[in-house]
Amino acid sequence: MHSVRLGFRAALKRIGSLKRNGYNAEALVTSVFTLEKLMRRSLRLAILARGFTSNQAKRLIGRKGFHEIKEMWDIFDRQHRTLQLMIGNNEWQHVPKAVEMRNSLVHGQQVFKAKNCDVYTKHVLAALKKLHHEIRSDYGSDPWTVLRARRRSKLQWLA
C-alpha cells in the first residue's frame, strides 16, 4: 500500500491524517496493510540473515498473508521468537481482531463503528512501531528500506 520510497514515518503520518480527518475505517485498513507489509519486509530481512539468497527469500515469502507470515516468523527470527513475543501481548492480542476487521471491511462483509476502528487502529500502530524498533535494533537494518539483492548464500550471523 505504501511504497518503500514513502518511508516509515510518512506511512505513519498518512494513517494519522486519516484518523484526524475522521476516516477511521480507512485508517484501520491502511494500518493493517502497513503492518503486513512491515512483517513481510522484516521476514525477508530475517531470511536473508539466515543465509538464503534474495530469490530464495522471494520464493519462501511469495504472496503470503498475515497468518502465513505469523506462522513462519519464529522459524527465521534470529532468536526464534514469535511475533507475539517481539511485539508484546498488550498490543498483539488486538492485532488478529484488527486483521479480521480489515478483511471484513475490504470484502464488504461488515461495517464497524468508527470508535471501534479507531481503537484497533491505535493498537495496530503501537504494534507497527514496536516491530519496527525491534527489527532495527536486532538486525541492525531498517526493513522499510530497499535491501540489496543477495545472489549468493551467506550467513550474516550464526545462531
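This passage walks through the fold of a predicted model, from the whole chain down to single residues. Residues are numbered from 1 along each chain as its sequence is written, and because the model is predicted, local features need pLDDT of at least 70 and side-chain atom pairs count only at pLDDT 80 or more, while totals for chains, interfaces and linings use all residues. Side-chain values use heavy atoms, with hydrogens and water left out.

Starting with the big picture, the protein chain has eight helices and zero strands, where helices (H or I, at least four residues) and strands (E, at least two) are DSSP runs numbered from the N terminus. Read along the sequence, that gives the pattern α-α-α-α-α-α-α-α. Of the 159 residues in the chain, 44% are buried; buried means under 20% relative accessible area, exposed means over 50%, and partly exposed lies in between (1.4 Å probe, protein chains only). The accessible surface of the chain comes to about 9200 Å², with 48% of it belonging to carbon and sulfur atoms; these areas come from the Shrake-Rupley method with a 1.4 Å probe, and for residues, only the protein chains shown count as cover. As for contacts (heavy atoms within 4.5 Å), among those between residues at least 6 apart in sequence, 73% join residues at least 24 apart.

Next comes the inside. In soluble globular proteins, nonpolar side chains tend to be buried together. Here, the largest nonpolar core has 44 residues, a core being a set of buried Ala, Val, Leu, Ile, Met, Phe, Trp, Tyr and Cys residues joined through side-chain atoms within 4.5 Å. L28, L43, W73, L128 and L131 have the most contacts inside this core. At least two core residues come from each of helix 1, helix 2 (24-49), helix 3 (54-61), helix 4 (66-76), helix 5 (83-87), helix 7 (95-106) and helix 8, and helix 2 gives the most, with 13 residues. Leaving aside neighbours within four places in sequence, L28 is in contact with A98, M101, R102, L105, C117, Y120 and T121.

The axes of helix 1 (residues 8-20) and helix 8 come within 12 Å and cross at roughly 170°; axes are lines fitted to C-alpha atoms, for helices over the stretch in contact, and angles run from 0 to 180 degrees between N-to-C directions. So helix 1 is roughly antiparallel to helix 8, a label for angles over 145 degrees. On the helix 1 side, F8, L12, I15 and K19 meet D118, T121, K122, L125, L128, K129 and H132 of helix 8.

H132 sits in helix 8 (residues 114-139) and is buried, at 7% relative accessible area. Not counting residues up to four places away in sequence, H132 touches F8, L38, D142, P143 and W144. D118 is also in helix 8 and is buried, with a relative accessible area of 14%; with the sequence neighbours up to four places away left out, D118 touches K19 and N24.

Finally, the loops. V111 lies between helix 7 and helix 8 and counts as exposed at 74% relative accessibility. V111 and M101 are ten residues apart in sequence and 8.5 Å apart in space, C-alpha to C-alpha. H80 is in the loop between helix 4 and helix 5 and is partly exposed, with a relative accessible area of 46%. Most residues other than glycine have a negative phi. H80, although not a glycine, has a positive phi of about 60°.

Definitions and conventions
Angles under 35 degrees count as roughly parallel, over 145 as roughly antiparallel, 65 to 115 as roughly perpendicular and the rest as oblique.
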